[in-house]
Amino acid sequence: MEIAIIGGGIGGLTLALALRRVGLSATVYERARAFARVGADINLTPNAVRALDPLGVGEKLRETAARPKFRISRDGYTGAETSRLPMSDAAEEQYGAPQLTLHRGDLLSVLEAAVGPDVRLGHQLESLREQDGRQVLTFTNGEAVTADVVVGADGIHSAVREAVWGPEHPTFTGVVAYRAVVPTAKLAGAADLDCFTKWWGNDPAIQIVTFPLTRGEEMFIFATTPRPSWTEESWTTPGRIEDLRAAYADFHPEARALLDACDEVLISALHVRDPLPTWSTDAVSLLGDACHPMMPFMAQGAGQAIEDAVVLARALQAYASVPEALRHYQDARLERTARIQIGSRGNAWLREGGNADWVYAYNAWDVAV
Ligand SMILES: Cc1cc2nc3c(=O)[nH]c(=O)nc-3n(C[C@H](O)[C@H](O)[C@H](O)COP(=O)(O)OP(=O)(O)OC[C@H]3O[C@@H](n4cnc5c(N)ncnc54)[C@H](O)[C@@H]3O)c2cc1C
């Protein structure tokens, strides 16, 4: 069975490794000519780490990751703590894996190194069609290949999705995200630098989130706010530090002090789609942001792409018929990802504490497919 994965992001690379783990192989076609270290952070919650660990990358990820001790919620204006969930060893005990926070580039380079030569860089999918029961893929570099199964892991603007389900544009939410990384030494004296802390505003779009990166040597600062005039999506566009600080001028002094420590900031508009009713045909399927892009407020976009990858690999291994495998994969994943997409948009997850099990206790290696 020849499997073509379009997109060598977190989801596509994880799928290549998960397929290998169940005894199948695939080729990943990635449009970028080289992997670049962009994006600043990634917060991998226990469900994501538990899905990644059996792929043999866990040790490498832990070399640079931090393990936040608690997941804390604070009122953005008064500073009052509204919840404190133990993570780190407690999460490992409860869910079989800890929360890991690391540079997105470090995650991608660990995955990329593990996948190795099965990634073909400089391959941007141009068209996809069926011919004589096979999928024919053409790339903008002029190459063409055929495959039995095609998986679109090509992100929110998925070309696979458009080729099969037709054009449809994601919706701009009117919200922008600012991202900054600060040496932890610069924040000396600030509280809970070894924790994940979310400062909640009075609107679901307004928040500041901080957590440690690079074994605690750096702190990541993530802040969202309404800004209907800014629509550009980017992992690399610089924002204005004054705009960042002005947006939270009414926040608690401890939260503002975190922003005062930032020298540089990146800005990106946030886009979403509504949950899809279906994302598999008899030979083509989607995973990750290609089928269920979500707001980053539950930190589950990459986690759900990783879970998809494991469940899809297990379905392809379990069923002799590809259409059946793709249908079972979709059925196993659609309800959970739609619930998280909707929950992420509402942005109330764990504000006052509560039980995180329905998200964190999910075991992609064990769920029924
Ligand atoms: C500001 C922000 C913060 C976030 N923080 C978190 C977090 O802390 N935790 C978390 O779990 N999630 C987080 N997310 C979500 C997460 O980044 C995404 O859900 C995740 O990257 C999706 O992975 P993916 O592999 O599906 O898609 P992508 O990461 O978008 O990867 C798609 C890949 O496909 C390639 N591609 C695109 N088109 C083509 C084509 N035509 N041909 C070939 N290749 C193509 C792209 O170059 C890319 O490499 C955040 C998102 C944002 C915007």
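**Cores, ligand shell and selected residues**

The largest nonpolar core contains 70 residues, of which I5, L15, L44, L52, L107 and L137 touch the most other members; a nonpolar core is here a set of buried Ala, Val, Leu, Ile, Met, Phe, Trp, Tyr and Cys residues joined through side-chain atoms within 4.5 Å. The greatest contribution to this core comes from helix α9 (residues 301-318), which gives nine residues. The structure is a predicted model, in which local features need pLDDT of at least 70 and side-chain atom pairs count only at pLDDT 80 or more, whereas totals for chains, interfaces and linings use all residues. Residues are numbered from 1 along each chain as its sequence is written, and side-chain values use heavy atoms, with hydrogens and water left out.

When residues up to four places away in sequence are not counted, L15 touches I5, V151, L287, A309, L312 and A313, contact being defined as heavy atoms within 4.5 Å. A second, separate core comprises 23 residues, among them W199, M219, I221 and L244. In soluble globular proteins, nonpolar side chains tend to be buried together.

The ligand is surrounded by 32 residues, and the closest of these are G11, E30, R104, L125 and D289; a residue is near a molecule or strand if one of its heavy atoms lies within 4 Å of it. By class, this shell has 13 nonpolar, twelve polar and seven charged residues, where Ala, Val, Leu, Ile, Met, Phe, Trp, Tyr, Cys and Pro count as nonpolar, Asp, Glu, Lys and Arg as charged, and the others, Gly among them, as polar. At least two residues of the shell are supplied by each of α1 (10-21), β3 (41-44) and α9; helices (H or I, at least four residues) and strands (E, at least two) are DSSP runs, numbered from the N terminus.

A polar side-chain atom of E30 is placed 2.7 Å from an oxygen atom of the ligand, and an N or O atom in the side chain of D289 is likewise 2.7 Å from a ligand oxygen atom. For L125, a backbone N or O atom lies 2.9 Å from a nitrogen atom of the ligand. Taken alone, the ligand exposes 1,000 Å², and the protein buries 87% of that area, as computed by the Shrake-Rupley method with a 1.4 Å probe.

Within helix α1 is A18, a buried residue with a relative accessible area of 0%; buried means under 20% relative accessible area, exposed over 50%, and partly exposed in between (1.4 Å probe, protein chains only). Leaving aside neighbours within four places in sequence, A18 is in contact with L55, A309, V310, A313 and W365. The C-alpha atoms of A18 and I306 are separated by 9.4 Å, although the two residues are 288 residues apart along the chain. T210, in strand β14 (residues 207-213), also counts as buried, at 4% relative accessibility, and touches C195, F196, T197, M219, F220, I221 and L258 when residues up to four places away in sequence are not counted.

D132, in the loop between β8 (125-131) and β9 (134-139), has a positive phi of about 50° although D132 is not a glycine, and counts as exposed at 73% relative accessibility. R215, in the loop between β14 and β15 (218-226), is a residue other than glycine with a positive phi near 55°, and counts as exposed at 51% relative accessibility.

Terms used
Polar contact = N/O pair within 3.5 Å; in protein donor to acceptor, adjacent residues only side chain to side chain.
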